[in-house]
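Let us walk through a protein model step by step. Keep the structure in view as you read.

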Amino acid sequence: MSASPELASRPAPDWIEEIHGVDREDTAVRYSSRGRVLIVGPKTDGMAAAIRLQRAGLDCVVLVPATAVGGRAERHDGIPILRTAALSLDGYLGNFRVTPANSADTGERGRSDGEHEAPFDLVLDLGHTPLLSAEVPPPGYYAAGNAPERLESALAELPALVGEFEKPGYFVYDPSICAHGARGLTGCTRCIDACPTLAIRSIGERIEVDPHLCQGGGACAAACPSGAIRYDVPPPSTLLDALKDRLKVQRCVSSTPPTILFYGRESNPDLLNEGVALPETLVPVALEEIGASGLETWLCALAFGAGGVALLITPDTPRSVRRTLAGEVRTGQRILAALGYPPAALRTLDLPISGIDDLPLQYTDAGIAAPPASFQTFDEKRTNLFLALDHLYRHAPRPSERVALEAGAPFGSVEIDAGACTLCMSCVAVCPSRALSDGGDAPRLEFFEANCVQCGLCVTACPERVLTLEPRLTFEPALRRRARLLKEEEPIRCVTCGKPFATASTVRAVTEKLAGHWMFQDAAARRRLEMCQDCRVRDLFAGGTGGEHAVARSGRQS
């Protein structure tokens with residue numbers, strides 16, 4: 001990347017290239033295309049496009065959706081024409097599969113020569129309603145509809161998509177800290193909701209990312225509360241260390257803390273080469289995509305000495321990415337305001353359609369003025385985030401003890417109706433981040449706010465419905481990390497052997513629920529509910545005189 005003359009003396013382009021020079025050969029995702037094109041749409045339009053693409057060396061099949069299917073497959077100018085009443089499509093470059101509503105609809109489709117069989121390498125969709133609904137469609141899929149400019153663009157690009165291709169494996173997924181689900185219950189779905197390519201799906205208690213559909217939008221990593229899915233081009237520590245070094249250099253040039261301008265180089269590859277006179281205190285930082293940074297990145301930049309952070313949003317930024325970043329920015333602004341910093345130190349900038357020349361870059365920053373931090377960075381989202389938060393809190397002008405946040409924020413508390421809790425520990429069993437903990441041998445429920453990612457699994461798992469989430473952030477590190485007692489009870493002892501085995505509230509709740517059950521209508525059966533598991537089994541096989549056993553044992557002890 002070469003700088004414009006106005007920027008030639010500034011070191012930003014060098015380090016931007018450096019952090020993107022990481023060798024990701026081991027995680028590359030590969031595609032193979034032979035040039036078999038499926039064209040879906042009206043017969044006349046489909047044939048016109050097929051003839052042009054065939055002249056460019058592509059092998060085309062035209063598929064005509066029809067309300068009523070009649071006749072067998074046709075062939076015109078050597079191009080097969082198939083018909084189907086309805087169809088679905090899925091896949092990606094080199095592996096698109098079309099499924100008709102009825103396989104018999106396609107006539108010759110099942111011929112032994114395989115001429116009409118899937119998979120297809122490329123798809124040109126000429127229908128008014130696209131077959132694929134993802135905001136960012138998979139590589140190799142072109143939805144031209146009835147827009148002539150999109151059709152011409154597709155016809156120009158399709159012939160180049162023949163051969164072997166590869167892209168980075170943008171993400172790393174750690175299922176051990178994923179808060180998506182547990183024990184058949186669903187918790188966090190933030191990454192699924194944020195993905196503009198529909199590459200992420202639920203597979204029970206975990207998620208699965210199709211690497212061929214993923215195109216590196218990055219919003220999944222920005223939205224993930226635990227860091228289970230992270231953007232890896234470059235790895236977080238590489239980006240943050242480069243930011244720290246860049247800000248050190250900037251302090252030697254200017255005493256004014258700079259504003260970091262993050263932008264996606266895929267959609268804005270020439271930002272540094274357009275001859276735009278950027279303010280001296282504005283440092284542009286290229287990311288693969290604008291969604292590839294999140295709250296932990298922005299707060300670390302501020303902790304390392306940036307006066308502000310701005311995100312450049314373009315007309316091409318998908319809605320889901322915009323929505324995710326907007327929520328993260330609002331969370332960041334609330335945090336900054338609660339610490340006494342100007343919320344505008346973190347902001348988004350919308351790139352005008354007219355271009356970067358009309359971007360309002362000449363603003364006066366009332367930014368952060370904290371001394372720069374020097375902490376080590378890691379490839380762990382919450383570790384980096386809390387390191388930055390702790391630094392900003394220590395140097396905050398007017399720090400609050402805590403701040404209330406919007407629902408969906410990755411921090412918060414779990415509140416409890418202690419009187420109705422039976423200490424069944426269902427919440428502890430499903431908590432993916434160990435924010436909830438039992439007391440070992442003692443009937444006690446504890447909460448660690450620093451660990452809570454607000455996934456909601458505990459609320460869903462609670463049979464008594466006594467738990468609620470409170471999105472908030474406690475700034476004081478000692479308070480955030482300290483165990484908070486939610487409920488504690490004395491254990492109840494077995495009426496037969498005297499061993500502690502449950503809590504009084506648990507036994508009371510079970511007794512109330514079973515009061516009308518036919519198996520618990522006599523005193524002996526009800527008495528077993530006050531016994532430990534071993535004594536309950538022995539009493540059952542001994543004939544069910546639980547009270548007599550207790551009296552006899554009491555007499556022997558005396």
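**From the surface to the core**

L540 sits in helix α15 (residues 533-542). Helices here are DSSP runs of H or I with at least four residues, strands are E runs of at least two, and both are numbered from the N terminus. This is a predicted model: local features need pLDDT of at least 70, side-chain atom pairs count only at pLDDT 80 or more, and totals for chains, interfaces and linings use all residues. Residues are numbered from 1 along each chain as its sequence is written, and side-chain values use heavy atoms, leaving out hydrogens and water.

Is L540 buried or exposed? L540 counts as exposed, because its relative accessibility is 51%. The cut-offs are under 20% relative accessible area for buried, over 50% for exposed, and partly exposed in between (1.4 Å probe, protein chains only).

Now look at helix α9 (residues 381-394). At 1.5 Å a residue, its 14 residues should span 20 Å. The expected span is 1.5 Å times one less than the number of residues. The end C-alpha atoms are 20 Å apart, which agrees. Of the 14 residues of α9, 11 are buried, so the helix is largely enclosed by the rest of the structure. Among the buried ones are L385, F386 and L389. What covers them? The cover of the buried residues includes α6 (236-253), α8 (319-339) and β25 (467-474).

Next comes the nonpolar core. Such a core is a set of buried Ala, Val, Leu, Ile, Met, Phe, Trp, Tyr and Cys residues joined through side-chain atoms within 4.5 Å. The largest one has 95 residues, and I39, L124 and F262 have the most contacts inside it. Leaving aside neighbours within four places in sequence, the contacts of I39 (heavy atoms within 4.5 Å) include V61, L63 and L124. A second, separate core has 16 residues, including M425 and C462.

Finally, turn to charge. Side chains of opposite charge can pair when their charged atoms come close. A salt bridge puts a side-chain nitrogen of Lys or Arg within 4 Å of a carboxyl oxygen of Asp or Glu. By this rule the count is 25. One of them joins D121 and R34, with the closest N and O atoms 3.6 Å apart. This pair links distant parts of the chain, 87 residues apart. D121 is buried, at 1% relative accessible area, whereas R34 is exposed, at 55%.

Helix α15 takes part too: D534 in that helix pairs with K499, 35 residues apart. Their closest N and O atoms are 3.8 Å apart.
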